[in-house]
Each structure stands twice: as C-alpha cells, then as structure tokens.
Amino acid sequence: MIALDNPGRVSGYVSFHNSTDVSAWQSIRLPIYCLNGRPGPTTLVMGGLHGDEYEGPVAIDSLANTLDTDKLVGRLILLPVVNVMAVMAGTRLTPDDGLNMNRAFPGNPHGSITQRIADWITQALVPVSDHVVDLHSGGRSLNFAPSILLHEVPGRAMNVAKLAAVAFGAPFTVLIHEDHADVMIDAVVEKLGKVMIASELGGSGTITHKTVRLATDGLSRMVAALGHLSTQENLVKSRLVRLPSSDTYLVSDDTMIFAPALSLGGSVRKGDTVGHGHFLDRIDCRPKTYTAPHDGWVICLAGQGLARRGDVIAIVAEGVQ
Ligand SMILES: [Zn+2]
C-alpha cells in the first residue's frame, strides 16, 4: 500500500495474494496513484472493474500521469484497473475465480481474489473518500451511447453527483435504478451518504478516438466540478434521461444476428423499428422486427452482431422533464 497523505504524486502497487494452477504463491499487483494538493475533498476514481471496458482505465491513466498537483485542491485516489487480472486477460470477469467484480461488493476479507479486492476498497478507500467515480463501458456484449449514470437517492449527495455528471459532458446523463445494486460498489458508497457516479462510455470491447477523447476530457471536467480544479467553462450539453425498468429492454428471443435499423443515441417514437433479428441458419424463420417500447432515445444496442437468446439488444431511455 502507498501513503495516501504524502504531498504531490505518489504511485505504487497494492499486493494481493493469489494461488492458482500456474502460480502457487502469486502476488497480484494492483496499480494505485494518489495525488495530493491543497486541503480539500477526496475523490476515488476507479476503472477496469470489468476487463473488456477501456475508456475509463485510459482516461484515469492519462489523468494520473498529466495532472499538475500544484493546481489540485484535495486528493485524488486513482485505480485505473481494479480488476487488473481481467483487463490483462481481455475478459469481463476475473479469470481466476470467475467472479464479477461489480457484483462482489461489499466483498469478503477471507474470500477469493475478486472478493478480497472488493473488501479492501470497501474498508480502506471508500471511508476516506467524499466522492466515488466508477467508470464503465458496455463490454463486448453491449454498446452504449456515452452516458454518465446516477442512482436517484434523496439528499445533497445526489445534487453534487448531478452537477458533476452534467459537467462531464457525455451525450446522456442517465437516472437509473438497478436490480442488482445491493452487490455493487454503489450500495457501499450510498449507505455512507457519499457521492456516487458511474458511467457507460462506449462498448463492443473496443475503444475509439471519439470515446477516449470524451472520457479523458470529461473526467477532467468532472474532477473540476467536484471541487478539485478551477472549473472551466463547459459548453458541452448532456441530455437528462431515465432508464426504464429492465422488463422494457429489448431482448433477443433466439440466437440470431441483430441488425440495427437506426444509430446509437438517436430518438425514437413508440413502435418505430429499432432493428431486425435474422435467423440465418433457418429457412423457415423470417426476420423478426423489434420495435421501440416507448418514446425516447436509443442509448444501448447489442455490442456484437451475434445475439444469443436472452441477450439485451436495445435499451430505449425515457426523457426527463
Ligand atoms: Zn462494466
């Protein structure tokens, strides 16, 4: 572990014991940066909880290596790749134990590698932080129009989160209620009344010039809005939407190739064609048309051409007045 109170920039590794078929006494070394400026709040910024989501880790790595700590107010604790095993293996889940880092909170100090890293974040980092930013993208199977995600929680934390979310400047700021929130980092942070902000910044297991530029510039704007840097004028607009309940997501009925009929981020009216499912291995099945369940914006489409039965193939977010 590194000292979190040293002035200026400190970097190092946090080591976790691991034991696998190929390495009996392995040390998993998790990169960590701590940037200290003048007295002020602490923000924990994390990326790479899932190993096939790249915008967050790259934006955090850029921030860690370029931010001038003479201009910094407060402290930034930066973890570019929380699930370093999955990131380096190119997988969503931890290869060693098959667990999902973003369903492993609050963690377990006596558990597997994923559970122990989650426990360390819960016990050592969240309590010393005022704000927690957890940057995700869609991974292989989903592709999101770049969005900042907020849970609707009462009180001051939500107001701070909303200002910082809009400052990021993603095309969409999304209010969301998640079915599995209890086992995510979000629950740990919100139970302590702290500010929680998450994102979906792209997907399909790729990283593009456009999304990485937005992630890098947006993270700087968000950090400024959280009180760490003098705020710059933000000319980027973000549309506020709400994610409907998950039973309105469009889901693949069978293994098929999903061909979108519109662009990611576009607006739709109820009943508009979102795309067609093609059952290419069967001559007895005509293509199936999937339509928008309500008015809104298509903020997520299937991340790959091949969709399996039960995969989400489209999500239409509703406008917020
Ligand atoms: Zn993720």
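Trainee: What radius of gyration would a compact globule with 321 residues have, and what does the protein have?

Mentor: In this predicted model, the protein has a radius of gyration of 20 Å, and a compact globule with 321 residues would have one near 20 Å, so the value agrees with the globule rule. The C-alpha atoms fill a box of roughly 65 × 55 × 35 Å along the principal axes.

Trainee: What share of the residues counts as buried?

Mentor: Of the 321 residues, 45% count as buried. Among contacts with a separation of 6 or more, 69% join residues 24 or more positions apart. The protein has six helices and 18 strands.

Trainee: How do you know that the span of helix 6 agrees with its number of residues?

Mentor: Helix 6 covers residues 209-225, which is 17 residues; at 1.5 Å a residue they should span 24 Å, and the end C-alpha atoms are 24 Å apart, so the two agree. G227, with a positive phi near 100°, follows helix 6.

Trainee: Which residues of helix 6 are buried, and what covers them?

Mentor: The buried ones include L214, G218, L219 and M222. The cover includes strand 3 (38-47), helix 1 (55-66), strand 4 (73-79), strand 5 (131-136) and helix 4 (156-168).

Conventions. Residues are numbered from 1 along each chain as its sequence is written. This is a predicted model: local features need pLDDT of at least 70, side-chain atom pairs count only at pLDDT 80 or more; totals for chains, interfaces and linings use all residues. Helices (H or I, at least four residues) and strands (E, at least two) are DSSP runs, numbered from the N terminus. The expected span of a helix is 1.5 Å times one less than its number of residues. A residue is buried if 20 or more other C-beta atoms lie within 10 Å of its own, exposed if 12 or fewer, and partly exposed in between; C-beta atoms are placed from the backbone. Two residues are in contact if their C-beta atoms, placed from the backbone, lie within 7 Å. The radius of gyration is taken over C-alpha atoms; the globule rule is 2.2 Å times the number of residues to the power 0.38.
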